[in-house]
Amino acid sequence: MTLRTTAIIAGALGLLMLVAGLVAQALRPEPAVVTKATLDTPVVVLGPEVLALPGLERLAVTATGGVVAHTARPVDAQAWLAQHSATVVTGYASWEELTTRTAARIDPDNASHAPSPTAEPSPSPGSDAAATGAPKETYEYGSDDVWRRNWTGVGRVSVAVPAISPGEYFVANSVDGSNLGTVEISAQRQVNDAWISPLIWLGTVLAILGALAAVSALIDVRPVQERVESWTTKRSRVAVGEQPKPGSRRERRLAGSTLPDVEVDEKGQKS
Amino acid sequence: MRRADVATAAAVLLLAGCASAPPVPGVTPSLEVEAALTESQAAAVIEATFAELGAADAARNSELFTSRVAGNAALVRGAEYTVARNVADAPVSELPGQMQGVYVSQSATWPRMFAAVSEPPGDGLTPVVYMWVQESVEQPYRLVAWAHMIPGAVLPAMPGQINGALPLVLGDDGVDPSPRTALEDYVEYLRQGADSELASAFAPDSYSEQLFGARDALATAAQGAGGAYVDTIQPDVASTFALATSNGGALVFAPIEIASSFSVSDATLTLSARDAPLLEATATDKVTYNYRDFVVLWIPPPGQEQLPRAVAAEHQLVSITP
């Protein structure tokens, strides 16, 4: 196998490496990832073991109306959750999906307060409910004294995970008692992409070498070689046809080396 | 399968290894603040309480106690409002809203409580000890009792608001006497009077001394009118709480109900102008003064030769019945 053939094979491999590297570059997953879960309860909960997962940055909960988020001691949150139906986020199924479980509770105290799409307007013409025809806007969740920190929003509430003290629960609920929309966890994940750039560079170099080898096989370079050899000869200290100087080492070298004459006496013959 | 599909599948498989697997929940981290209430939570409750109290004070109307004042505190303040509305020189008592200390617990069950000690009022009175109780997780903390500290008494050091004080069951024998025994003995001491054998079980305090002094005077007056004076004293054990102090002792927060009956024969009682608004019917020859007292007992830690004593107490009239 000639050097040129070897270079062409290496170039083909380099081309494959380059393509693979560019594809990997294009499809590389981003370090920042947002994982969502759809909710069908008015309350969503994340326990301290989930909040302690590495890389978590923000939590966001969406709803059609007002939404509030809180933190609490585990024992207090669990006591509060015993009264309400909630979706408990238990972790990641994958980077695209959260694992959840639903804890359904019957809350007779609030059964009559649940918003209904057929809520009757107030007989009072001056009331807001009559003006908007909207269902009851607040739901009786009980005292807020159990919560250590509170965040409120309309349509969405977003909380930085570092703002939640270790060991505490995160609880979010809709203001009007309707089901929440989604819960989103924003996180920074580790992407093992350190191999992509070297692969692209190496593939590029090999592909270029292979291309040069392939091109050299297609082009007659003998005139160029002749010119190069002529130029090389011309650049040498002795021009073609020039006779060496008499007695010079060059003359002796061109004349061929000669063995020195050595006289060897026979044994027993003494002069 | 076409070659393109194979290539795509290979690329996806290759890239699937790029992102690390999602983390899996592990050990649950421990809480930084173990107390049932953080400092900011307690401050919010106190602020809301005094806002409600201030509004009710301004209107002299206990019906404005909607969420933060309840129980005996509402009864006592309501009685003060009644008197204040009917007697010109009978203002309601001053309740300072600035606190010098807040005692929270680690309680994980309900009902639970926290207490606070105010800065001294400006009129030379001693600081006020307040007690808030949360009956259930859905209920707010409500101010249910208060009492001025007894002159000369000192509250013991309590655990800070990070860890909170350990709540003690009334029968806890880690302190001697147990909170229940201390309360029952103190109430029995109040029933029997200064000559009781239990007098030696408690350090002297001005609350019991005033109670005994009034009892002696009223009993003498009743006897002079052919009647009698009787104090009926009952602890409200169900509403009593105990917290461990920093050095192994205990503080017992105890509401006490006292009914003081004064009767005469062949005569008609006439109440003072200050008491008359609290009379729920017409007085004849017998009236009963109903009090909702609040006593804070300190039980020293084991090994100390100090006696249990009342460190805060208040005799609070709520109604007068025939």
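Colleague: Let's start in chain B. In β2(B), what is the bridge partner of Gly101(B)?

Modeller: Bear in mind that this is a predicted model. Strands β1(B) and β2(B), the latter covering residues 112–118, run antiparallel and are joined by 4 bridges. For Gly101(B), the partner in β2(B) is Val117(B).

Colleague: And in what order do the strands of that open sheet come?

Modeller: The sheet has 4 strands of chain B, with antiparallel pairing. Its edges are β1 (99–103) and β4 (142–148), each of which pairs on one side only. Neighbouring strands are turned against each other by 20 degrees on average, direction ignored. Reading across, the order is β1-β2-β3-β4.

Colleague: Which peptide bond involving Pro111(B) is cis?

Modeller: Pro111(B) sits in the loop between β1 and β2 of chain B. Omega is about -5 degrees there, and the cis bond is the one joining Trp110(B) and Pro111(B).

Colleague: There's also a cis bond from Asp176(B) to Pro177(B); what is omega near?

Modeller: Pro177(B) belongs to the loop between β5 (167–168) and α4 (179–192) of chain B. Most peptide bonds are trans. For this cis one, omega is near 0 degrees.

Colleague: On to the two chains together. How much area do chain B and chain A bury between them?

Modeller: The contact involves 38 residues of chain B and 39 residues of chain A. Carbon and sulfur atoms carry 61% of the buried area, and the total is about 2900 Å².

Colleague: Last one, chain A: is the crossing of α1(A) and α6(A) left-handed or right-handed?

Modeller: Helices α1 (residues 3–27) and α6 (residues 196–218) of chain A pack at about 145 degrees, their axes 6 Å apart. Their contact has 19 nonpolar, 8 polar and 1 charged residues. As for the hand of the crossing, α1(A) and α6(A) are left-handed.

Note on methods
Residues numbered from 1 in each chain as written. Chains lettered and ligands numbered in written order. Predicted model: local features only at pLDDT ≥ 70, side-chain atom pairs only at ≥ 80, totals over all residues. Heavy atoms only, no water. Pairing = 2+ DSSP bridges. Helix = DSSP H or I, 4+ residues; strand = E, 2+ residues; numbered from the N terminus. Axes fitted to C-alpha atoms, helices over the stretch in contact; angles between N-to-C directions. Left-handed = near helix turned anticlockwise from the far one by under 90°. Nonpolar A, V, L, I, M, F, W, Y, C, P; charged D, E, K, R; others polar. Contact = heavy atoms within 4.5 Å. Buried area = accessible area lost by both parts, 1.4 Å probe.
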